[in-house]
Amino acid sequence: MRELRKNEIYKRCMMKRKRVIRVKDPRLRKIRLGLRTLLVRESIARLLEILGKKGSLLKFPDLSEEEFHKKYQILYKQEIANRKQLDASICVCPVCGDFEKDHIFNPVDRVWYCEKCYEILKKSYIADGDVGAFP
Ligand SMILES: [Zn+2]
């Protein structure tokens, strides 16, 4: 229990800083790409399943309005949670959808971006006067 708490504190401290994960070895890059591809495909498959269930709700006119909304809300929450998990993961840049390049963690919005998008966003926020959004 005590060890678990130490690990939790360590993780939180580590994720408060800007981090860049660079992989230079081509073999490791290939492995990383394979893992990211698997995770993204699984996430998209789950998302399509949820969207399919949402669509199929419309095919049951026997559902009362209350039942429909209850089931729709459950599926909607699952859809949002799925999208948030993918956006928050290191697998995909939420701006351009890249899942091959090295990514940077922004501790302010707690999102991983590819280096190119991170720099573009950083310049954009600085130009708008917000220097703290992208450290
Ligand atoms: Zn990007």
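The model is predicted, and the protein in it has four helices and three strands. Read from the N terminus on, these elements follow the order α-β-α-α-β-β-α.

- The three strands form an open sheet in the order 1-2-3, and their pairing is antiparallel.
- Strand 1 (19-21) and strand 3 (111-114) stand at the edges of the sheet with a single partner strand each, so one side of each has no neighbour in the sheet.
- From one strand to the next, the twist averages 25°.

- Strand 2, which covers residues 103-106, runs antiparallel to strand 3 and is joined to strand 3 by four bridges.
- Within this pairing, Ile104 has Tyr113 of strand 3 as its bridge partner.
- Helix 4, made up of residues 115-127, packs on the sheet, where it touches both strand 2 and strand 3.
- The direction of helix 4 makes about 105° with the direction of strand 3.

**Burial and contacts across the chain**

- The protein has 135 residues, of which 10% count as buried, a residue being counted as buried if 20 or more other C-beta atoms lie within 10 Å of its own.
- Among the contacts in the protein with a separation of 6 or more, 50% are accounted for by residues 24 or more positions apart.

Definitions and conventions:
Residues are numbered from 1 along each chain as its sequence is written. This is a predicted model: local features need pLDDT of at least 70, side-chain atom pairs count only at pLDDT 80 or more; totals for chains, interfaces and linings use all residues. Two strands pair if DSSP finds at least two bridges between them. Helices (H or I, at least four residues) and strands (E, at least two) are DSSP runs, numbered from the N terminus. Axes are lines fitted to C-alpha atoms, for helices over the stretch in contact, and angles run from 0 to 180 degrees between N-to-C directions. Two residues are in contact if their C-beta atoms, placed from the backbone, lie within 7 Å. A residue is buried if 20 or more other C-beta atoms lie within 10 Å of its own, exposed if 12 or fewer, and partly exposed in between; C-beta atoms are placed from the backbone.
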